[in-house]
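Please read it beside the sequence and the model.

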Amino acid sequence: MIKFYINSNEFNNDLYNLARAFYPFTNVEIENVLNINEASDQDRNRPYNEIMIIASLEEEAIKLKAYKGSDEEYTFNESISSSYKRFYRNALKRLVYMSLSKIAKVSLSWGTLTGVRPTKIVLDMLENGESKESIASFMKDQYLCSDEKIDLSLQIAERELALLQEIDYKNGYSLYIGIPFCPNTCLYCSFASYSIEKFENQVELYLEALMKEISFASTYITDTKLTTIYIGGGTPTSLSENQLERLLAHIDKEIDFSNIKEYTVEAGRPDSITLEKLEILKKYKVSRISINPQSMSQKTLDIIGRKHTVDQVRQAFNLAREAGHDNINMDIIIGLPGENIDDVSYTLDEINKLNPESLTVHALAVKRAARLNEEIDKYKDLRPDDIGQMRRLTGEYTNSSGYNPYYLYRQKNVSDNIENIGYARPGRECLYNILMMEDKHNILALGAGAMSKFVYYDKPKVRRVENVKSLKDYIERIDEMIYRKIKFKEEFL
Ligand code: SF4
């Protein structure tokens, strides 16, 4: 267990997340105490393997003591030059990082950064005209990031900035449309996803509600122009040909396409793809699709319950080319149960033969809502132990095959704290991913569980409006979802 005593309750989340970054499976307790001097009395009978950290926030300094059992004791102090909360937060995290790094005898490549978007800091600084050198020193001094991650963040942020400068993103917004149906549920899935077969009788009702929300959305934002559309899920191509065509025709009829730079549809599961569906996507001006194998090893696909074959991936990809799709992304996951470096190498070789325009490399996250989490004991012996090597291999492969990293995000509960990276050939980057991930403009999100985000440029702030997650609730309460957005507009827009 890791126990914190601290005389403030403002940084509990920061402490928790940083402690879990060092010790992902350890219990973390945080006690906010008024008199910090009393805290040290409580550790007398501490078991040998427990860690205790006592942090005292004072007017112009932070004083910290860290103990592991009765053998190890560390003291760190740092002066604080400003009373702004973020100065205290960053200094406190540095001191906690230094003590845990000593105790665990490891360093974390992202240093004290535990958030999902480390590149956002770098991108904001680049946009403010800071030099690469000053950003690099800032990332090192403030957050103790490794040189490798600083280089990667700079590379990505520079690419993002160049792409953003080509579009008038501040005068634009993006539309997200969610289809929460899939052929079946993957082992690691934590999204709201419903089996298209089992929920067949709900699909028409869902589409009816969704189309109502789309019609409403077409007049919702009037002061900026629609820049990108992203239909995700779930698996949008789980819909039948007829349903898919009706949905896309409705979008085409209701939405103003005159300023659209990109229109993506996730055709994620190869077992949901037909030539006719791919032709429908093309007919309605979809410019980018995603066909996601996750792995090209059949034994892995069977373990993760994808219920499609490796051959189906190849066939779906070739059909997409036949239908004229010239911007195809593929997603893979590293760290899947039972995989080793040879499996990842094989997957990359097979993807190389298909030659997609972009490749997104995810690291397996064990999410609370996933079946993998519930059945974790069954898979614990299949956990790969060379994930760092897998990440290096995907980095080398993308580099030598002409793909550049262009967006990055991190997730919690990921093996080896590895990030997800989108790679693309020049000019084939997904704008929506950048705009959404870096909070660069408003995202109007429709469908069950969809979360709209509204960005305020004057003060860095994002406000969110959420739709209900459950399919049944969304269908029954569609008018309320629309009303939520109307209310939000009256209050904040
Ligand atoms: S395809 Fe994606 S959304 Fe569908 S079950 Fe698998 S992980 Fe979940």
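Helix 4 passes helix 5 in a right-handed crossing. A crossing is right-handed if the near helix is turned clockwise from the far one by less than a right angle, and left-handed if anticlockwise. The model is predicted: local features need pLDDT of at least 70, side-chain atom pairs count only at pLDDT 80 or more, and totals for chains, interfaces and linings use all residues. Residues are numbered from 1 along each chain as its sequence is written. Helices (H or I, at least four residues) and strands (E, at least two) are DSSP runs, numbered from the N terminus.

**Helix 4 against helix 5**

- The axes of helix 4 (residues 132-143) and helix 5 cross at roughly 135° and come within 10 Å. Helix 4 is therefore oblique to helix 5.
- Axes are lines fitted to C-alpha atoms, for helices over the stretch in contact, and angles run from 0 to 180 degrees between N-to-C directions.
- Angles under 35 degrees count as roughly parallel, over 145 as roughly antiparallel, 65 to 115 as roughly perpendicular and the rest as oblique.
- From helix 4, K132, I135, A136, M139 and K140 meet I150, S153 and L154 of helix 5. Two residues are in contact if their C-beta atoms, placed from the backbone, lie within 7 Å.
- By class, this contact of helix 4 with helix 5 divides into 5 nonpolar, 1 polar and 2 charged residues. Ala, Val, Leu, Ile, Met, Phe, Trp, Tyr, Cys and Pro count as nonpolar, Asp, Glu, Lys and Arg as charged, and the others, Gly among them, as polar.

**Helix 3 against helix 5**

- Helix 3 (residues 118-127) packs on helix 5 (residues 147-165) at an angle of about 55°, with the axes 9 Å apart. Helix 3 is therefore oblique to helix 5.
- Helix 3 passes helix 5 in a right-handed crossing.
- On the helix 3 side, P118, T119, V122, L123, L126 and E127 take part. They meet S153, L154, I156, A157, E158, E160 and L161 in helix 5.
- The contact of helix 3 with helix 5 has 8 nonpolar, 2 polar and 3 charged residues.

**Burial in helix 3**

- P118, T119, K120, V122, L123 and L126 are buried in helix 3. A residue is buried if 20 or more other C-beta atoms lie within 10 Å of its own, exposed if 12 or fewer, and partly exposed in between, with C-beta atoms placed from the backbone.
- The cover over the buried residues of helix 3 includes helix 4, helix 5 and strand 14 (404-409).
- G129 follows helix 3 and has a positive phi, near 85°.

**Burial in helix 8**

- Helix 8 (residues 275-283) has K277, L278, I280 and L281 buried. Seen down the helix axis, these buried residues fall within an arc of 155°, so they line one face of helix 8. The arc is that of the directions from the helix axis to the C-beta atoms.
- Those buried residues pack against helix 7 (241-254), strand 10 (262-266), strand 11 (288-290) and helix 10 (310-322).
- Just after helix 8, K285 takes a positive phi of about 70°.

**Backbone geometry in loops**

- G233 and G234 are joined by a cis peptide bond, with omega about 15°. G234 lies in the loop between strand 9 (225-233) and helix 7.
- K307 is not a glycine, yet its phi is positive, about 55°. K307 sits in the loop between helix 9 (298-303) and helix 10. It counts as partly exposed because it has 15 C-beta neighbours inside 10 Å.
- D439, also a residue other than glycine, has a positive phi near 50°. D439 lies in the loop between helix 15 (431-437) and strand 16 (442-446). With 19 C-beta neighbours inside 10 Å, D439 counts as partly exposed.

**Sequence and space**

- V361 lies in strand 13 (residues 358-363). V361 counts as buried because it has 26 C-beta neighbours inside 10 Å.
- V361 and D331 are 30 residues apart along the chain, and their C-alpha atoms are separated by 6.0 Å.
- Leaving aside neighbours within four places in sequence, V361 is in contact with I332, I334, T394, N420, I421 and Y423.
- K472 is in helix 16 (residues 471-476). With 14 C-beta neighbours inside 10 Å, K472 counts as partly exposed.
- K472 and L57 are 415 residues apart in sequence and 49 Å apart in space, C-alpha to C-alpha.
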